[in-house]
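Here are my notes on one helix and the charged pairs around it. Have the model open while you read.

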Amino acid sequence: MRRTRVEDRTGRGESLLAERFALFAECLLTGVWIAVASLGVVTWPAAAAAGARHLRRRTAHEGGGWREFAADFRSAARRGWLVGLAGWAAAAAVWVDVQAVRAGLPGGPLVGAVGLSALIGAAVAVLRAAAVWRPGASWRSLLAGAGRRTVLDPAGSFLIVGGLAVVVCSAWIVAPLAVPVLGAVAAAAVAVEERYRRR
C-alpha cells in the first residue's frame, strides 16, 4: 500500500502535497527576505547565503524564521560585502565590454561574449558558495571550492543559470515577480550543491 503521508520524516503527519507546497511557499517568502537584505547593494551574497541556510534548515525540518535569517545575514555580511563589491566591479567591467561592442571596436563582439560568460559563471559560483555557507566559513575558501564545482558540474551550473534566467524573465514581464523568485534560485543552488555532494 502506497504511503500518502510523511509521518516518518516530519513527525507531523502532513500529506506529501502539503509538505511540498509549504516548501514552495517558504521559498517565495525567502525570496522576499533576500530582496530586502540585498537593498544594501553589496550585501546580495550575504543575503543569498542567509536565504540558502534558512532553506536548508527548512528542508531538514529544523526551526528557524526571520530572526535566524537576520542573524545569519549579519554573520555572512561581515566579509560577504567584499564579495558583493567585487561582483558589482565585474558587472561594471562587462558593461564597458558591451559598450565596446556597441561602438564597433575590432574584436568587440568576442570580448563582450567572453565578458558576459565570465560574469554569468562568477554569479553561479557565488550562488554555489552561498548555498553551502555556514557561520564562520571563509568566503575565500567557499568561492574557491564553488568555482571548481561550477566547472566540474556543468549540469548543476546550467540549472542555476536557468534559475537566474527565470528571475530576469519575471522582472521583464512583471518586475515585482522577480522578488519571490529569488528564493527559488536560492533553493535551486541548495539542491544543486546537495546533488553534487551525494555524487
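Which residues are buried in helix 8?

1. Ala178, Val181, Gly183, Val185, Ala186, Ala189, Val190, Val192 and Glu193 are the buried ones in helix 8. Buried here means under 20% relative accessible area, exposed means over 50%, and partly exposed lies in between (1.4 Å probe, protein chains only). Helices are DSSP runs of H or I with at least four residues, numbered from the N terminus.

2. A word on the basis: this is a predicted model, where local features need pLDDT of at least 70 and side-chain atom pairs count only at pLDDT 80 or more, while totals for chains, interfaces and linings use all residues. Residues are numbered from 1 along each chain as its sequence is written, and side-chain values use heavy atoms, with hydrogens and water left out.

3. The helix length checks out. Helix 8 covers residues 178-198, and its 21 residues should span 30 Å at 1.5 Å a residue; the expected span is 1.5 Å times one less than the number of residues. The end C-alpha atoms sit 30 Å apart, which agrees.

4. What covers those buried residues? The cover includes helix 2 (16-37), helix 3 (44-59), helix 5 (108-131), helix 6 (139-152) and helix 7 (154-173). Contact is taken as heavy atoms within 4.5 Å.

5. Now the charges. A salt bridge is a side-chain nitrogen of Lys or Arg within 4 Å of a carboxyl oxygen of Asp or Glu, and by this rule the count comes to nine. Take a look at arginine 128 and glutamate 193, whose closest N and O atoms are 2.5 Å apart. This pair links distant parts of the chain, with arginine 128 in helix 5 and glutamate 193 in helix 8, 65 residues apart. Arginine 128 is buried at 0% relative accessible area, and glutamate 193 is buried too, at 7%.

6. Arginine 195 forms a salt bridge with aspartate 153, with 3.1 Å between the closest N and O atoms. Here arginine 195 is in helix 8 and aspartate 153 in the loop between helix 6 and helix 7, 42 residues apart. Aspartate 153 is buried at 1%, whereas arginine 195 is partly exposed at 36%.

7. Glutamate 194 is partly exposed at 27%, and arginine 197 is exposed at 58%.

8. Last, the network: salt bridges link Arg128, Arg149, Asp153, Glu193, Arg195 and Arg199.

Terms used: Helices (H or I, at least four residues) and strands (E, at least two) are DSSP runs, numbered from the N terminus.
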